[in-house]
Amino acid sequence: MAGDYKYKRVLLKLSGEALAGDVGYGIDPKVVDDLADQIGEIVHDGVQLAVVIGGGNIFRGMAGSAEGMDRSQADYIGMLATVMNALALQDAFERHGIFSRVQSAINMQEVSEPYIRRRALRHLEKGRVVILAAGTGNPYFTTDTTAALRACELDVDCLMKATKVDGVYDSDPVKNPDAKRFDRITYMDVLAKGLNVMDATATSLCMDNDMPMIVFDLTEKGNIARALRGEPVGTVVESA
């Protein structure tokens, strides 16, 4: 039951690429179904869960990488990509018996609710997964910053950042086989060392609001539940 978990209300940050699997783009139905299996386990045990989803598997413009395109326009297109991913997640969740709501920071009432903090909290209390789409609704803000902001707003116990590596390293473990993995690290050290965990805005927001974060490998099945139980999965990032 929920009492087995160290964290009872959490926000899970998923990159769009996490939904693409090995292909690297689009949405892999098997990956989404596997994710729904893992999430179903914790939600049915009583954990309250919000999800912030990126859109990089559909459009790479949110980092300003759409060559020749106006940055604000590219960011808005990226926000729409996150809504597509959110709807795909919702479909998978509900096929697995997980009740969910999509809330968008951009108003599109035919497919989602607007993001309203009190309504999101009520959904969480009722055991529904809240899928938060369209970033903050503003250009120049990443989905990392969205995750940090929503985690603080929704008063979660922990921000979980799902990646394809098993934590935070002092250098790229793909390029450097001698890279050192941290079991625990402070946000100040992340900023000082220039580690690629989240962007500086998101990191500072978490640090200022004492929001702990776990960076872990999503591809290892069962890691979400293990991390919530406080098992040594990935890297814990703390304010101090």
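Strand β5 is mostly covered, with five of its five residues buried. In this predicted model, the residues Val129, Ile131 and Ala133 point one way from β5, while Val130 and Leu132 point the other way, and all are buried.

On either count of bridges, the pairing partners of β5 run parallel to it: strand β2 (residues 48-53) is joined to β5 by three bridges, and strand β3 (residues 100-104) is joined to β5 by five bridges.

The bridge partner of Gln103 in β4 is Glu113.

## Lys13 in strand β1

Lys13 has its place in strand β1, and it counts as buried because its relative accessibility is 6%, which is under the 20% cut-off for that class. Leaving aside residues up to four places away in sequence, Lys13 touches Val52, Thr143, Asp144, Ala147, Leu159, Met160, Lys161 and Ala162.

## The loops on either side of α4

Most residues other than glycine have a negative phi, and two residues in this model depart from that pattern. Ala134 has a positive phi of about 70 degrees although it is not a glycine, and this residue lies in the loop between β5 (129-133) and α4. Asp155, also a residue other than glycine, has a positive phi near 55 degrees and is found in the loop between α4 and β6.

The two residues fall into opposite classes of accessibility. Ala134 counts as buried because its relative accessibility is 0%, whereas Asp155 counts as exposed because its relative accessibility is 56%.

## Annotated binding-site positions

An unreviewed UniProt entry places the feature "binding site" at Gly55, Asp75, Thr136, Gly137, Asn138, Pro139, Tyr140, Phe141, Thr142 and Thr143. From this set, the lining of the largest pocket takes in Gly55, Thr142 and Thr143.

Two of the annotated positions can be described further. Asp75 is placed in helix α2 (residues 71-95) and counts as buried because its relative accessibility is 2%. Phe141 is found in the loop between β5 and α4, and with a relative accessible area of 37% it is therefore partly exposed.

## The largest pocket

About 1400 Å³ of space lies in the largest pocket. The lining of this pocket consists of 47 residues, of which the closest to the pocket centre are Ser15, Lys161, Ala162, Thr163 and Lys164. The elements that give two or more residues to the lining are β1 (9-14), α1 (29-44), α4 (143-153), β6 (158-163) and β7 (168-169), and α1 gives the most, with four residues.

When the lining of the largest pocket is divided by class, 18 residues are nonpolar, 15 are polar and 14 are charged. Lys161 and Ala162, which are among the residues closest to the centre of this pocket, are also among the residues that Lys13 touches.

## The second largest pocket

The second largest pocket has a volume of about 190 Å³. It is lined by 13 residues, and the closest to its centre are Arg184, Gly230, Glu231, Pro232 and Val236. By class, its lining divides into six nonpolar, two polar and five charged residues.

Note on methods:
Residues numbered from 1 in each chain as written. Predicted model: local features only at pLDDT ≥ 70, side-chain atom pairs only at ≥ 80, totals over all residues. Heavy atoms only, no water. 1 Å grid on protein atoms, 1.4 Å probe; cavity = no way out; pocket = protein on both sides within 12 Å on 5 of 7 lines; lining within 4 Å. Points joined across faces, edges and corners; volume = space filled by probe spheres on them. Nonpolar A, V, L, I, M, F, W, Y, C, P; charged D, E, K, R; others polar. Buried < 20%, exposed > 50% of the residue type's maximum accessible area, 1.4 Å probe, protein only. UniProt positions renumbered as here; feature names shortened; annotations may be inferred. Pairing = 2+ DSSP bridges. Contact = heavy atoms within 4.5 Å.
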